[in-house]
Structures are given as C-alpha cells and as structure tokens.
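Please keep the sequence and the model in view while reading.

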Amino acid sequence: MDTEALFRAAVADFEAGTAEVCSERPEVTFEQEPPPRRLAPHAAAIAATAHDGENEIGWGKFVLLYDPAGQASWSGPFRIIGYVRAELEPDIAADPLIGEVGWSWLTEALDARAAGYENSSGTVTRVVTEGFGTKRGEPVSTGFELRASWSPAVQADASPELSGHVAAWCDALCAASGLPPVAAGVAALRPPHRRRRQ
C-alpha cells in the first residue's frame, strides 16, 4: 500500500471510531480541527466536547500523525496525540493522587479498547484559575489537563486500527468530565458545579 493510501485508510478508521463513539456517547460531540503542520508529513485532527445537558463540561483534541520514515520517539510510522481538559471540584483537584488517577483513565481505556500501543508518554496538570482586578469577584475554578502521546501497534505496511484509540481517548475525556462510565467497573468523578461556558 502506498503512503497516501495508507494514511487515507488510517483516517477512515479514525473517522469510523468517532462515529462509533457518537452512537454510544451522545454527550460527546465532534468537530473537525486543523491538524498541526510541522510535526509530521501527514496529520489529521478532531476536537471533542463533553456535555451535561446544555453545559460544556470537558474538551479534548485527538491528533493522528503519520511519517513514513518514523521519528526517534515513535514506534513505527504513526503517532497519536491526545489532549483532555475538564473542570474539577477543588477537593478532587487537591488530591495528590489525581495525576496518577487521571493517567490511568487513559491507559486503562487503551488497554481495554485499543488493539495495542507503545511508547506512551504524557503529563497531567492541575490548573487553578483566580481572578484579579476587575475579575476579582469571579469564583476560583480548578481544572484538569491531560496531554499524552502514544504509538498505535501496527503491522508493517498496514494501517493501524484506530477506532479503539479514539474510543479510549473519549473514555478518558468522559471520566475527567465526571460523566458516568459506559464500561462496567469504571468509576467516574462526581461532576463539578455546572457553569455555562462563555
């Protein structure tokens, strides 16, 4: 399979994964996102928003990179970048284990849903936002950010099976957002106080 056909097949599977998530997770909506141009010769991206009724409670981005020559930190020609952001209750954000728990939302979902992955890396950040000056009266908000990358397992000259990777990333987004899990045995955070996004 030539380079262009291989990437088109990967993107088709990636899009099939978003369609599957839409059918099992109506609280999650997707939008096309401009892919990064400098990280790899080929890239595709999508953004997701998790909703609780009319409120937006979590946001994320999924980026598929393809470099036929591979790159030093990758395992093979494909790399996935996942980003998740959600608001958290202050007491949950203050938990010293939230980083490990947040990382496990992604890795456990990948273990359960993806056909295989390698070389995972990333960070979990707790964000505290305080207002000053004319914004001094605004309530303090706390949030969670997960930035991760991993390489999907792939056979030589074959397109990876990406639908499970998309589903795993969405599982992590939903867990961070406090939405109930779809899979049995996975606990979600209690949802934060809901505020409309301006």
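The numbered points below go from the overall fold to the sheet, the helices and the side-chain pairs.

1. The structure is a predicted model. The remarks that follow should be read with that in mind.

2. Overall composition. The chain has 198 residues, of which 46% count as buried. Its secondary structure consists of four helices and six strands. Read from the N terminus, these elements follow one another as α-β-β-β-β-α-α-β-β-α. Among the contacts in the chain with a separation of 6 or more, 66% are made by residues 24 or more positions apart.

3. An open sheet is formed by six strands in the order 1-2-3-4-6-5, and their pairing is antiparallel. Strand 1 (28-32) and strand 5 (117-129) are the edge strands, since each of them pairs on one side only. On average, and with direction ignored, neighbouring strands of this sheet are turned by 15° against each other.

4. Strand 3 and strand 4. Strand 3 (residues 55-66) and strand 4 (residues 78-88) run antiparallel and are joined by nine bridges. Which residue of strand 4 stands opposite Tyr-66? The residue in question is Phe-78.

5. Strand 4 and strand 6. Strand 4 also pairs with strand 6 (residues 141-152), in the antiparallel sense and over nine bridges. Glu-87 has Gly-143 of strand 6 as its bridge partner, and Leu-88 stands opposite Thr-142 in strand 6.

6. Helices on the sheet. Helix 3 packs on the sheet, where it touches strand 4, strand 5 and strand 6. The direction of helix 3 makes about 145° with that of strand 5. Helix 4 lies across strand 1, strand 2 (42-52), strand 3, strand 4, strand 5 and strand 6.

7. Helix 1 against helix 4. The axes of these two helices come within 7 Å and cross at roughly 45°. Helix 1 and helix 4 are therefore oblique to each other, and their crossing is right-handed. On the side of helix 1, the contact is made by Asp-13, Phe-14, Gly-17, Thr-18, Glu-20 and Val-21. Helix 4 contributes Ser-163, Val-166, Ala-167 and Cys-170.

8. Ala-5 is found in helix 1. With a relative accessibility of 18%, Ala-5 falls under the 20% limit and so counts as buried. Although Ala-5 and Ser-159 are 154 residues apart in sequence, their C-alpha atoms are 9.1 Å apart in space.

9. Arg-113 and its partners. In general, side chains of opposite charge can pair when their charged atoms come close. The count for this model comes to six salt bridges. In one of them the side chains of Arg-113 and Glu-24 meet, at 2.7 Å from N to O.

10. What is the N to O distance in the salt bridge between Glu-145 and Arg-147? For this pair of side chains it is 2.9 Å. Glu-145 counts as buried because its relative accessibility is 13%, whereas Arg-147 is partly exposed at 40%. Through salt bridges that share partners, Glu-24, Arg-113 and Asp-171 are joined into one network.

Methods:
Residues numbered from 1 in each chain as written. Predicted model: local features only at pLDDT ≥ 70, side-chain atom pairs only at ≥ 80, totals over all residues. Heavy atoms only, no water. Salt bridge = Lys/Arg side-chain N within 4 Å of Asp/Glu carboxyl O. Buried < 20%, exposed > 50% of the residue type's maximum accessible area, 1.4 Å probe, protein only. Pairing = 2+ DSSP bridges. Axes fitted to C-alpha atoms, helices over the stretch in contact; angles between N-to-C directions. Parallel < 35°, antiparallel > 145°, perpendicular 65-115°, else oblique. Left-handed = near helix turned anticlockwise from the far one by under 90°. Contact = heavy atoms within 4.5 Å.
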